[in-house]
Amino acid sequence: MAIDVRLVDHTHDPIRTLYTAYRVCYSSFTPAQIEARIADERISAEQMREFVEARLATGHTSPLQQVWFEFGISGVSRAFSHQFVRHHMGISFEQQSQRYVTYKDGTFPYTVPESVRRAGMAEQFKQAMATAGQTYEAMIAAGVPAEDARFLLPNATNTNFKVSVNYLELLHIADQRLCTRAQWEFRKVVSLMRAEVKRRFPSLGVQLQPKCGEARLGYCDEAFKDWEACPIGRKRPHKSTLFALYERQQSGALADLGERDFELIEREQTDDAEPY
Ligand SMILES: Cc1cc2nc3c(=O)[nH]c(=O)nc-3n(C[C@H](O)[C@H](O)[C@H](O)COP(=O)(O)OP(=O)(O)OC[C@H]3O[C@@H](n4cnc5c(N)ncnc54)[C@H](O)[C@@H]3O)c2cc1C
């Protein structure tokens with residue numbers, strides 16, 4: 001079963017909600033006055049978007065909790081879902097139950113990882129799933145309740161979610177789970193969530209980045225060996241590089257440009273001139 005992620009609902013107008021939330025903090029107007037200025041178009045949609053985008057570059061994050069997104073997610077494994085539900089701040093889950101849903105005819109949907117296919121183990125994997133399905137079916141037929149027959153079901157078994165998450169937590173999940181250190185299935189799901197938000201609200205969607213992204217920390221805070229192994233490591237500096245740069249600057253090794261430097265800049269470059 002393929003992974004499917006849909007943005008099924010959201011705060012009516014996230015940019016307007018964020019604009020009002022931030023404006024209340026920085027304005028002498030009351031919330032009602034701010035709303036009136038939006039309603040009679042003294043504040044345009046463009047002005048709201050620009051104002052919100054500028055605030056998104058700051059550490060003022062509590063207004064982000066006032067915007068929520070609802071996703072329908074299907075075709076994900078229980079290996080993924082164990083990780084997903086560890087996020088618990090600003091997110092609410094409903095997950096398909098293996099107590100109330102009984103699989104029929106000894107079959108259940110499951111995921112075969114690409115690494116298993118590449119290793120040429122896909123047929124053995126499917127055989128193991130079929131065997132588990134047959135035993136599951138036999139237990140159900142023998143009167144074992146679904147809540148106990150499920151003890152046999154593997155991590156590969158697929159499950160479905162209906163999730164509500166606020167924007168602050170979605171940014172945090174993207175920080176962690178778009179990082180190349182996260183599991184491939186989680187990276188896939190969050191990439192699809194990002195695509196859904198970006199499709200509807202581009203300026204909010206582009207902020208959903210791994211924590212090293214230019215809109216987030218801007219550097220990698222993982223272990224140096226993980227940064228070295230990361231396929232996008234060359235695009236983002238490791239924190240140790242930044243600290244080394246800071247120390248060089250503090251020790252005077254990165255002094256300000258002086259008159260001698262400007263003389264070098266002004267000097268005409270000729271073939272026999274000393275290179276600088
Ligand atoms: C690469 C990777 C590997 C992992 N490996 C393991 C593993 O081997 N074993 C394992 O058990 N887990 C593992 N995890 C899961 C991890 O430990 C977290 O449980 C999970 O990522 C949820 O994130 P969170 O704690 O930030 O929770 P969220 O609910 O997403 O929290 C959001 C933020 O709210 C704040 N917050 C949350 N809870 C509290 C609290 N109680 N008190 C104060 N502030 C709070 C924190 O600032 C937190 O970052 C791994 C996660 C990643 C990304």
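None of the 12 residues of helix H12 is buried, so this helix lies largely in the open. The model is a predicted one. H12 covers residues 239–250 and reaches 16 Å from its first C-alpha to its last, close to the 16 Å expected at 1.5 Å a residue. After H12 comes glycine 252, whose phi is positive, near 90 degrees.

Eight of the 11 residues of H8 are buried, and the helix is mostly covered. The buried residues are Tyr167, Leu170, Leu171, His172, Ile173, Ala174, Asp175 and Arg177. Among the elements that cover them are strands E2 and E4, helix H9, and helix H10 (202–205).

The ligand is next. The residues around it are Arg86, His87, His88, Met89, Glu169, His172, Gln176, Arg181 and Ala182. Sorted by class, this shell has two nonpolar, four polar and three charged residues. His172 belongs to the shell around the ligand and is also listed with the buried residues of H8.

Isoleucine 34 is found in helix H2, which spans residues 31–39. Isoleucine 34 counts as partly exposed because it has 18 C-beta neighbours inside 10 Å, whereas a buried residue needs 20 or more. Not counting residues up to four places away in sequence, isoleucine 34 touches Thr20, Arg23, Val24, Ser27 and Phe29. For threonine 20, which is 14 residues apart from isoleucine 34 along the chain, the C-alpha separation is 6.8 Å.

Most residues other than glycine have a negative phi. Glutamate 41 has a positive phi, near 65 degrees, and is not a glycine. Its place is in the loop between H2 and H3. Glutamate 41 counts as exposed because it has 9 C-beta neighbours inside 10 Å, and the limit for an exposed residue is 12 or fewer. Aspartate 105, likewise a residue other than glycine, has a positive phi near 60 degrees. Aspartate 105 sits in the loop between strand E3 (91–95) and helix H5 (114–118). With 8 other C-beta atoms within 10 Å, aspartate 105 is therefore exposed.

Last comes the division into domains. Domain 1 takes in residues 111–156, and domain 2 takes in residues 224–265. The C-alpha centres of domain 1 and domain 2 lie 52 Å apart. The residues of H12, 239–250, fall within the bounds of domain 2.

Key. Residues numbered from 1 in each chain as written. Predicted model: local features only at pLDDT ≥ 70, side-chain atom pairs only at ≥ 80, totals over all residues. Near = placed C-beta within 6 Å. Nonpolar A, V, L, I, M, F, W, Y, C, P; charged D, E, K, R; others polar. Domains from an automatic or database assignment. Helix = DSSP H or I, 4+ residues; strand = E, 2+ residues; numbered from the N terminus. Expected span 1.5 Å × (residues − 1). Contact = placed C-beta atoms within 7 Å.
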